[in-house]
Amino acid sequence: MEIFSNINNTYLNEITKKHSLDLKINKKPKYPCFEFKDEALQFSFTDKIFLKLDFLKGTINYRLQRAHHEKHLKKAIGKNKEPQLILDGTAGLLSDTLILLSLGHKVIACEQSKYIYLLISDAVRRAENQLGFLENLILVNQNSIDVYLEKENVDIVYLDPLFPQDKKQLKRSKSIYALRDILNLEKIVINDDKLFMKFNELKPKKIILKRPLKSEIIYNTPNYQVKGKSTRFDIYI
Ligand SMILES: C[S@@+](CC[C@H](N)C(=O)[O-])C[C@H]1O[C@@H](n2cnc3c(N)ncnc32)[C@H](O)[C@@H]1O
């Protein structure tokens with residue numbers, strides 16, 4: 001994949017080398033591609049359609065400012081004396097991870113897609129001076145099962161899988177459409193529905209599975225559920 005930019009800097013050189021990308025300076029973009037504009041990385045499908053994340057603006061920033069209102073998520077996590085170490089096994093665009101961090105927890109966020117990982121790590125880079133809780137984040141471009149197997153002290157596994165059959169989940173946000181398109185470009189097969197079972201077999205202390213509110217229970221019966229307006233959390237202990 002190519003990155004088009006009008007400037008050349010150390011950061012661009014670093015990510016280009018690390019992720020085997022092809023940096024093009026002062027060239028006309030060939031879509032789809034990454035573009036580095038106004039100091040930010042975006043994934044461009046065309047000159048008008050692109051995905052760029054900014055944690056300091058919009059809905060995510062609004063939610064972060066009033067994270068204490070996230071009562072369903074808080075209930076799903078439960079009351080604990082100590083901050084929890086949460087492994088977000090499906091980092092995606094990082095919204096859930098950010099809320100978990102803003103509630104005071106530590107998060108290891110795993111994203112299998114290199115392109116999505118590049119977008120979220122760039123957004124973290126731009127926000128870290130202003131969002132102090134980002135120091136409690138470890139972001140990895142790896143399969144979450146492998147990451148879990150390397151860690152011993154994870155308190156909670158958090159999963160928000162993409163389900164092929166969930167039209168409602170797609171309606172939730174346009175960015176999820178873009179995410180799905182990017183996974184298709186990377187030829188990543190979406191079989192997230194197997195992910196829960198794989199984690200369940202490893203018997204973590206607790207799994208929180210985020211699902212559309214009315215979707216059927218396709219796995220084991222959860223120990224309890226926390227229901228919101230459009231989503232619910234199925235909790236397995
Ligand atoms: C629905 S999105 C998650 C959205 C996320 N909760 C948010 O707040 O933006 C699911 C993401 O999980 C990633 N994913 C699925 N299976 C994975 C695995 N085994 N390891 C790492 N990432 C995985 C997919 O690539 C996709 O980006």
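1. How many bridges join strand β4 to β5, and do the two run parallel or antiparallel? In this predicted model, strand β4, which spans residues 40-44, is joined to β5 by two bridges, and the two strands run antiparallel. Within this pairing, S44 is the residue that stands opposite F50 of β5.

2. These two strands belong to an open sheet of five strands, whose order is β2-β1-β3-β4-β5 and whose pairing is mixed. Its edges are formed by β2 (22-25) and β5 (50-51), each of which pairs on one side only.

3. Two helices should be read together with this sheet. Helix α1, made of residues 10-18, lies across β1 (2-5), β2 and β3 (33-37), and runs at about 170° to β1. Helix α5, made of residues 114-127, packs on the sheet where it touches β4 and β5, and its direction makes about 150° with that of β4.

4. A second open sheet has seven strands in the order β8-β7-β6-β9-β10-β12-β11, again with mixed pairing. Here the edge strands are β8 (137-140) and β11 (224-227), each pairing on one side only, and the twist from one strand to the next averages 20°.

5. At the β11 end of that order, β11 pairs with strand β12 (residues 231-236) in the antiparallel sense, over four bridges.

6. Turning to helix packing, the axes of helix α2 (residues 58-65) and helix α4 (residues 95-102) come within 9 Å and cross at roughly 20°. Because angles under 35 degrees count as roughly parallel, α2 is to be described as roughly parallel to α4. The crossing of these two helices is right-handed.

7. The contact itself brings I60, R63 and L64 of α2 against S95, L98, I99 and S102 of α4.

8. The ligand is surrounded by 22 residues, of which the closest are T90, G92, L93, S95 and D160. The elements that give two or more residues to this shell are α4, α6 (144-150) and α8 (174-185). The shell around the ligand comprises 10 nonpolar, eight polar and four charged residues.

9. One residue links the last two topics: S95 is among the α4 residues that meet α2, and S95 is also listed with the closest residues around the ligand.

Note on methods
Residues are numbered from 1 along each chain as its sequence is written. This is a predicted model: local features need pLDDT of at least 70, side-chain atom pairs count only at pLDDT 80 or more; totals for chains, interfaces and linings use all residues. Axes are lines fitted to C-alpha atoms, for helices over the stretch in contact, and angles run from 0 to 180 degrees between N-to-C directions. Angles under 35 degrees count as roughly parallel, over 145 as roughly antiparallel, 65 to 115 as roughly perpendicular and the rest as oblique. A crossing is left-handed if the near helix is turned anticlockwise from the far one by less than a right angle, and right-handed if clockwise. Two residues are in contact if their C-beta atoms, placed from the backbone, lie within 7 Å. Two strands pair if DSSP finds at least two bridges between them. A residue is near a molecule or strand if its C-beta atom, placed from the backbone, lies within 6 Å of it. Ala, Val, Leu, Ile, Met, Phe, Trp, Tyr, Cys and Pro count as nonpolar, Asp, Glu, Lys and Arg as charged, and the others, Gly among them, as polar.
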